[in-house]
Amino acid sequence: MVQWFVPGPVPVTQKTQAACAGEMVSHRSTAFRELYAECTLRLQRVFQTKGIIFSITGSGTLANEAAVANLLPDTKALFLVNGEFGDRFYQAAKVYNPDAQIFTVDDGLGLNVARVKDAIDEKKPDWVCMVHNETATGVTNDVRGIAAYAKKAGAKVLVDAVSSLGGIELDMDGWGIDACTSASQKSLCAPPGLGFVALNEAAMAHIEEQPRIPTYGLNLKTYKKFHLKNETPYTPALPTFYGLREALRELESEGLANRWLEHTAAAQKAREAVIESGFTNFAEAGFESETITAFLPGDARVDVIKKAMAALGIQIAGGQGKWKGKMLRIATIGPGEARNIDACTTALKKACTASDTAQSASAQHILQAGAAANKPEVLAA
Ligand SMILES: Cc1ncc(COP(=O)(O)O)c(C=O)c1O
């Protein structure tokens with residue numbers, strides 16, 4: 001069986017998988033309203049917010065699009081970007097607000113107050129927008145510090161927590177985040193199919209004051225009308241809702257802080273294995289992600305290592321955007337029982353040794369023996 005160390009969809013527990021087979025009820029039924037209400041309440045605890053949370057059928061991209069389409073038109077928005085997903089967030093915003101501004105630092109570097117304060121001071125934005133955990137490079141940004149700075153500068157804060165929520169500490173209300181997005185299939189350990197937009201009172205009020213919301217299917221004023229009845233305006237991804245409820249129950253019974261610690265421990269092992277294999281972690285020290293470990297093994301070795309690991313039954317991810325064909329990423333997202341990090345680090349070390357002489361008998365041996373045993377699917381870099 002292949003073990004997945006890719007950044008979503010992540011492996012879910014057997015109970016979560018089984019829960020997805022729940023009965024297909026109407027989304028105007030009491031059964032659905034109960035399901036929705038429980039998911040919303042539990043999501044509030046994970047986002048750590050008393051605010052409103054909209055569950056949108058779709059993925060993280062759609063949640064981000066809903067956020068920028070409803071919050072950013074006719075505002076001064078500043079995007080702080082240090083990777084592919086930050087850039088995609090900005091590109092989505094430009095569809096609804098062509099004047100949205102961008103401030104970038106090099107991929108791999110973290111975003112913190114020292115690096116972004118001049119941009120905030122100079123641009124004086126209404127909204128500061130950023131990704132918490134840059135999945136493309138394995139960098140976690142200092143959202144807490146930047147949100148506090150942005151607040152003092154009079155800006156509201158919008159954060160993409162798609163690959164962090166549930167796996168890395170995030171405290172929406174405590175850190176002063178006004179709007180925060182995420183998705184079901186990453187650190188919440190639920191199946192794909194739902195994106196989330198969490199809004200505090202100020203962010204919701206801002207939307208309600210907008211005379212024009214330039215989207216129909218993602219209009220959060222419409223979502224709110226139905227949310228007040230514990231319903232969605234349109235047909236929801238019901239199997240994902242069932243899976244999400246079970247995944248959130250499991251998360252709570254394990255404890256949110258315990259989940260963070262579990263991710264910290266797994267990522268620590270992944271980073272150590274990268275170093276023991278002779279490489280350097282891509283993320284700047286102090287900004288390493290607990291859900292994604294990225295490294296550059298040298299272009300010629302990327303495919304060899306990935307294939308040799310796949311042959312050992314371990315699927316890791318390649319690079320994205322400008323890092324395609326150059327980077328490898330180990331995702332440590334998901335419940336521990338569904339993910340064996342020691343098997344992954346052992347395979348990495350074996351694959352790296354084999355890749356020293358890519359055409360060597362050793363590499364061929366691993367590829368052939370593993371291929372026979374696992375018949376792995378080899379994903380594109
Ligand atoms: C930080 C971040 N934002 C947004 C997205 C887009 O999410 P989705 O693929 O669910 O649309 C991803 C996906 O990996 C992500 O990691």
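**Note on the ligand shell, core and domain contact**

1. Helix 3 (residues 60-71) gives the largest share of the shell around the ligand, namely 3 residues. The model is a predicted one. The residues around the ligand number 13, and those that come nearest are Ser59, Gly60, Thr61, Thr135 and Val162.

2. Sorted by class, the shell around the ligand holds 7 polar, 5 nonpolar and 1 charged residues.

3. Contact between the two domains involves 24 residues of domain 1 and 23 residues of domain 2. On the side of domain 1 that touches domain 2, strand 7 (139-140) and helix 10 (238-254) supply at least two residues each. That side of domain 1 consists, by class, of 13 polar, 7 nonpolar and 4 charged residues.

4. The largest nonpolar core comprises 123 residues, and Phe79, Ala93, Val128 and Val197 have the most contacts inside it. Both domains take part in this core: domain 1 (14-253) and domain 2 (255-374) each contribute at least three residues.

5. Which residues does Phe79 touch, leaving aside those up to four places away in sequence? The list is Gly86, Phe89, Tyr90, Ala93, Ala100, Gln101, Ile102, Cys129 and Met130. Among them is Ala93, which, like Phe79, belongs to the core residues with the most contacts inside the core.

Methods. Residues are numbered from 1 along each chain as its sequence is written. This is a predicted model: local features need pLDDT of at least 70, side-chain atom pairs count only at pLDDT 80 or more; totals for chains, interfaces and linings use all residues. Two residues are in contact if their C-beta atoms, placed from the backbone, lie within 7 Å. Helices (H or I, at least four residues) and strands (E, at least two) are DSSP runs, numbered from the N terminus. Ala, Val, Leu, Ile, Met, Phe, Trp, Tyr, Cys and Pro count as nonpolar, Asp, Glu, Lys and Arg as charged, and the others, Gly among them, as polar. A nonpolar core is a set of buried Ala, Val, Leu, Ile, Met, Phe, Trp, Tyr and Cys residues joined through C-beta atoms within 7 Å. A residue is buried if 20 or more other C-beta atoms lie within 10 Å of its own, exposed if 12 or fewer, and partly exposed in between; C-beta atoms are placed from the backbone. Domain bounds come from an automatic or database domain assignment. A residue is near a molecule or strand if its C-beta atom, placed from the backbone, lies within 6 Å of it.
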